[in-house]
Amino acid sequence: MARLTLTGNHCVAHAVKLARVKVVSAYPITPQTTIVEKISELVDSGSTNMKIIRVESEHSALAAVYGAATAGLRAFTATSSHGLLYMHEMVWWVAQARIPAVMAIVTRTIGPPWNIWTDHHDVMGQRDIGWIITMAESNQEVLDETIKLFKITEDPEVFLPGIIGLDAFILSHTVEPVEVPDQEIVDSFLPERRQPYVIKSGEALVMGNVPSDLLVNFRMREGVHRGLRNAEKVIERVDLEWGKLTGRHYGGLVECYRCEDADYLFAGAGAWVGDMRIAVDKLRDIGLRFGVLKIRYIRPFPYSRVFEAVRGRKGVLVFDRSISAGSAGPIFLDLTTHLYSSGLRIPVKNVVTGLAGFDIGYEDFVKIGKSFVNEVSESGWITSFLDFYP
Amino acid sequence: MPLTIRDLAKEKYVLPGHAACPGCPETIGLRYVGMALGRKAILVIPAGCTSIIQGLMPGSGLAFPIINVAFASADAVASGVAAAKEVLGEDSVVTVWAGDGATADIGFATLSGAAERNENIIHICVDNEAYMNTGIQRSSLTPIGAWTTTTWKGKTEPKKNMPLIMASHGVPYVATASIAYPMDFIEKLKKAASIRGFKYIHLHAPCPVGWRFDPSETVEMARLAIETGIWVLMEVEGGRTTISPPSRPYADKSRRKPVIEYLKRQGRFRELSDELVRELEREIDEYWKLLLKLSS
């Protein structure tokens, strides 16, 4: 084990190396670029042997990853924002083909206007497709979760690709002390590459021609959903395995901070969960018992774990760093849907904030938390389900 | 020793039950691909007629390993497959089988990128000169004057010269071929398979449905294209341009059939003005002059 000071992007690069990825293909975009720069450096210095396909676009980056993965190898790409939007067609293709692969998304807002700061519109736009999506809070989590994703995506009960999301600059370009596991640890953790089929010469296997029976095609779509639901228990199991090897486990699909006796919960995903933790401590100092429900996995959405966590609370504040325009924040939509169908009736309010990289800190969470307590105490419910802050 | 039919793979790669139209040039071409590349081939096929021709899942009318892929992705997917096969030490010929749209239009950036990176793949452009799978819409490889369902009065722009554009990428091998000259096409495929790096083969493929001629005349139409000189069989290898044997006689303009012999057999040129026929004749002359200069 080495203790290094690494940016989130360099954590991704180290994880890719440790996972013995064989093919990397990517196209530069801020703030993703330093991931592939670092991987290129690791390859050129001879410290790992990977093939890097330096393609002409993101669409081709994921296409090349799909080709390499379909042909039998562990493959990786990384992108952000417009790059992700440009490769969107291939994001669908890989998932529907049930080909395991891993992609890092350094979350960045979408133009116009041109803007490189973080929000979650890019990664949240991928949630209906069939990719596992995890969001990291710290650089250590970026490194750990990227390695774990290879195991989760290649599990025969899952066989779907996976996304590690990390906030632009807050994680991607900020250094933190990180424990980098030894290669032997990762080797003992990650099995050989597994996938549902391999395209090879001499075997007349055809992938993706027109279906004769639409019900078969229907079941394929359904199977993607079921694969993601199966991923829940695989994610929990892999988190425990990794914890045994490294001493770091994160609670699997969700992580709770000071939830045990909490009256109110903040719920959210990504780097700002760190600010929520500080805010919770401050709120408790003034007698308001808050906790944080960190949604570690956006897909599969951990509705049972969320239900268990919010049951019995006086209220939940869901923070979204993106919005499904014309509706509400995507985490709020998922969370409330599952609570309602479980018969749980508690005040849940959506606060959409931090869009376009607008910076908010723990003081803001404190302020929003106080106002939420007032709102719920005075009205017995919520006066609006969606607020933009500020 | 010239290649003979005895030297070719006996296995059949185009099977009964495929879904091609009668007289389809693509199944003709795919048979030759099977004969030339045999069991080493892995086909990467973007959206196009061959997406359908394969027949219905879970069966297949083509006995190749095939990865069907999104329109603009084929050469990048093939790059990934080729990279993986190299790492795995598997001897495969990764071949993109793409129409004129997936080659020259929507797929062009991807193709150009793979060519510039000199990926170890073959790209075959099976050129039926329009978007036939979606119902005969114009492409950048539709000839000037041709009727399509998006050019009711005839296309107003000339055909883009893809072989020379690809040769300008400086790739190790570029060739043109025709479904009417199987041995020429097969020899070119075999040569391409033996060369490391990016190989581009542009296969002329007259489509009876889109060009409006009788399905029994597909090969004849392809042959007429050579005999009138409107399509020229050639190779560009290591920067050297060579006219291939079937086209060599037509370097001599007097031996070429008048282009009208080719045009009048196709319903898509029914409204072609005399002026446009002369324009096409002039273009053929100019192109031959250029090719002869390049090959001298």
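Predicted model: local features only at pLDDT ≥ 70, side-chain atom pairs only at ≥ 80, totals over all residues.
User: At roughly what angle do the axes of α3(B) and α5(B) cross?
Analyst: Axes are lines fitted to C-alpha atoms, for helices over the stretch in contact, and angles run from 0 to 180 degrees between N-to-C directions. Here α3 (residues 74-88) and α5 (residues 108-116) of chain B have axes that come within 7 Å. The crossing angle is roughly 35 degrees.

User: How are α11(A) and α12(A) oriented to each other?
Analyst: The axes of α11 (residues 303-310) and α12 (residues 330-341) of chain A come within 10 Å and cross at roughly 75 degrees. Angles under 35 degrees count as roughly parallel, over 145 as roughly antiparallel, 65 to 115 as roughly perpendicular and the rest as oblique. The two helices α11(A) and α12(A) are therefore roughly perpendicular.

User: Which residues of α12(A) make the contact with α11(A)?
Analyst: From α11(A) come Y303(A), V306(A), F307(A) and V310(A). The contact divides into 6 nonpolar, 1 polar and no charged residues, where Ala, Val, Leu, Ile, Met, Phe, Trp, Tyr, Cys and Pro count as nonpolar, Asp, Glu, Lys and Arg as charged, and the others, Gly among them, as polar. The α12(A) residues are L335(A), H338(A) and L339(A).

User: Which strands stand at the edges of the open sheet of 6 strands in chain A?
Analyst: The strand order is β10-β12-β11-β14-β15-β16, with mixed pairing; two strands pair if DSSP finds at least two bridges between them. Each edge strand has a single partner strand, so one side of each is left without a neighbour in the sheet. The edge strands are β10 (254-257) and β16 (386-389) of chain A.

User: Which residue of β14(A) stands opposite L265(A)?
Analyst: β11 (residues 264-268) and β14 (residues 315-320) of chain A pair in the parallel sense over 4 bridges. α12(A) packs on the sheet, and β11 and β14 of chain A are among the strands it touches. The residue opposite L265(A) is V316(A).

User: How many residues of domain 2 of chain A take part in the contact with domain 1?
Analyst: An automatic or database domain assignment sets the bounds, giving domain 1 (2-246) and domain 2 (254-389) in chain A. Their centres, taken over C-alpha atoms, are 28 Å apart. Domain 1 gives 25 residues to the contact, and the number from domain 2 is 19.

User: Which element gives the largest share of the side of chain A that touches chain B?
Analyst: The contact between the chains takes 37 residues from chain A and 37 residues from chain B. Elements of chain A that each supply at least two residues include β2 (23-25), α3 (58-70) and α5 (88-96). The largest share, 9 residues, comes from α3(A).

User: What is the bridge partner of M207(A) in β2(B)?
Analyst: 2 bridges join β9(A) to β2 (residues 66-68) of chain B, and these strands run parallel. In β2(B), the partner of M207(A) is I67(B).

How values were computed. Residues numbered from 1 in each chain as written. Chains lettered and ligands numbered in written order. Contact = placed C-beta atoms within 7 Å.
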